[in-house]
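Subject: The structure you asked about

Hi,

Here is the structure I promised to pass on, with its sequence.

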Amino acid sequence: MAAMGIVRACAPPAAAPSSTRDAAPAPQRTKSSKSARVLVLGATGRVGGSTAAALSKLRPDLSILVGGRNREKGESFAAKLGERSEFVQVDTRSASMLEKALQGVDLVVHTAGPFQRAEECTVLQAAISTKTPYIDVCDDMDYSWRAKGFHEQAKAAGVPAITTAGIYPGVSNVMAAELVRAARSENGEPERLRFFYYTAGTGGAGPTILATSFLLLGEDVIAYNKGKEIKLKPYSGALSIDFGKGVRKKNVYLLNLPEVKSAFKILGVPTVSARFGTAPFFWNWGMQAFANFLPVEFLRDRNKVQKLVESVDPLVRAVDGIAGERVSMRVDLDCSNGRNTIGLFTHKKLSV
C-alpha cells in the first residue's frame, strides 16, 4: 500500500474615462514621512477592496492609496479605511496615468482584473519604468507568462516583481512547491501534481471572478501528461474530490490555470492539471452549459462577457448570500517511491 501524507493548513474563522486622460498628480512623500505608501489598483472592487482593508488592518502605519476609475466609490472607500488612506484616480490602460500615480509609491498591488484577454502588462511596465516594487493577483496563463517575459528588464531596473500571487494561483503554488521540496528531500521523485479548488458561489468576489470563469470557458485547457503538453476541453473531466471538514466531497472540472505550466516548467513535475468547482450545484451545470453551447467567439470577447456578467449580477449576489464564501484548496502529489502527499487549506471566507 502506498504511503500517504496529509498536510493541513486551516486558517482561523475569521463609464470609464479615456485612456489618454491625465490623472491628478499623486501626492509626493515628504522627507520627514516614515510611512510606506502602497497603491492598490482595483481597490474599488471586491478583491482589491479586501486587499486594501487587510493591509490597513495588518499594518496601520501604511498609507493606502485607493486606485480606481470611479472617484465617488474610491473616495468613499478611502474614508472608511481611515486618515492614512486617499483616493487616486487611475486607468490601468493608460501608461501616463500609471506613471504619475506611481510617483512616490513604495509598492503597487495590481488587483484590477479580469486579466484574461489583456494584451499588455501596462501596470508592470509602468512599475519597472518608475522603479516601483510590483505584485499582482493574476489568474491567467497567457498574462502570467507575458509578465515573466519582463524578468530581465525588472532585474536590470532593480525592481522586485511577483505575478500570480493571490490565493489560487499564489498560495496554492507555494503549497505545491513545498510538497515537491519535501518529497525530493526524502528521495522521492514527483510524478504527478494535481490542483483542486472549491469556492462557494463566487466566494464573495462577485462580477470579477464570474467574468474570469466565463472567459476561461473560451480557452483550451493546457495540461501535461508524462512530460507532454496536451489540450483538453474546458469544464470537462469531472472528479469528485474530498476537501475535508466543512466542505466534504465536491465535483471539480478542468480549467486553464497558470499554476499548471509553472509546476511543469519550474518545479519539473511531468504530469500536472488543475480543476475547479463551485456550489450550489446549478452553477456547475450553468458553467458546463456555457462551455458546451455558447460560441467560443462570444466567450473570448471581454466586452460581451462583461455584459453577460452584469445581466446576471443580481442573481449572483443573491446566491452568494445563501452559499457563503467558503474556499478550499487541495494539492495532491504522487511520487515514484509510492508516496502520496496531500496539501489542504480551507477558510470560511475567501475575502479574508
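This is a predicted model: local features need pLDDT of at least 70, side-chain atom pairs count only at pLDDT 80 or more; totals for chains, interfaces and linings use all residues.

Y198 belongs to strand β8 (residues 190-200), while F243 sits in the loop between β11 (239-242) and β12 (249-254), so the pair ties together parts that are 45 residues apart in sequence.

**Other aromatic rings**

Searching the whole structure turns up seven aromatic pairs. One of them is F195 with Y197, also tilted, at 6.3 Å centre to centre and 35° between the planes. F195 has a relative accessible area of 1% and Y197 one of 0%. Both fall under the 20% cut-off, so F195 is buried and Y197 is buried too. If you colour the rings, you will also find a cluster in which ring pairs link Y168, F195, Y197 and F276.

Which lysines lie over the ring of W145? K148 lies over its face, 4.9 Å from the ring centre, and K261 has its charged end over the ring of W145 at 4.8 Å from the centre.

Next, go to S94, in the loop between β4 (85-89) and α3 (95-101). Is S94 buried or exposed? Its relative accessible area is 1%, so S94 is buried. The S94 side chain makes a polar contact with the side chain of S96, at 3.2 Å. S94 and V123 are 29 residues apart along the chain, and their C-alpha atoms are separated by 8.8 Å.

Just after α4 comes K131, with a positive phi of about 60°.

**Backbone details to look for**

There are two cis peptide bonds to point out. G113 and P114 are joined by one, with omega about 0°, and P114 lies in the loop between β5 (107-110) and α4. Y168 and P169 are joined by another, with omega about -5°. P169 is in the loop between β7 (161-162) and α7 (171-185), and Y168 is one of the residues in the ring cluster described above.

Positive phi values also turn up at K226 and Y235. K226, which is not a glycine, has phi near 55° and is found in the loop between β9 (221-225) and β10 (228-232). For Y235, also not a glycine, phi is about 55°, and the residue lies in the loop between β10 and β11. How accessible are K226 and Y235? K226 is exposed, with a relative accessible area of 70%, whereas Y235 counts as buried at 3% relative accessibility.

Happy to go through any of this together on screen.

Best wishes

Notes:
Residues are numbered from 1 along each chain as its sequence is written. Side-chain values use heavy atoms; hydrogens and water are left out. Rings of Phe, Tyr and Trp (its six-membered ring) pair if their centres lie within 6.5 Å; planes under 30 degrees apart count as stacked, over 60 as edge-to-face and the rest as tilted. Buried means under 20% relative accessible area, exposed over 50%, partly exposed in between (1.4 Å probe, protein chains only). Helices (H or I, at least four residues) and strands (E, at least two) are DSSP runs, numbered from the N terminus. A charge sits over a ring if NZ of Lys or CZ of Arg is within 6 Å of the ring centre and within 35 degrees of the ring normal. A polar contact is a pair of N or O atoms within 3.5 Å; within protein, one must be able to donate a hydrogen and the other to accept it, and residues adjacent in sequence count only if both atoms are side-chain atoms.
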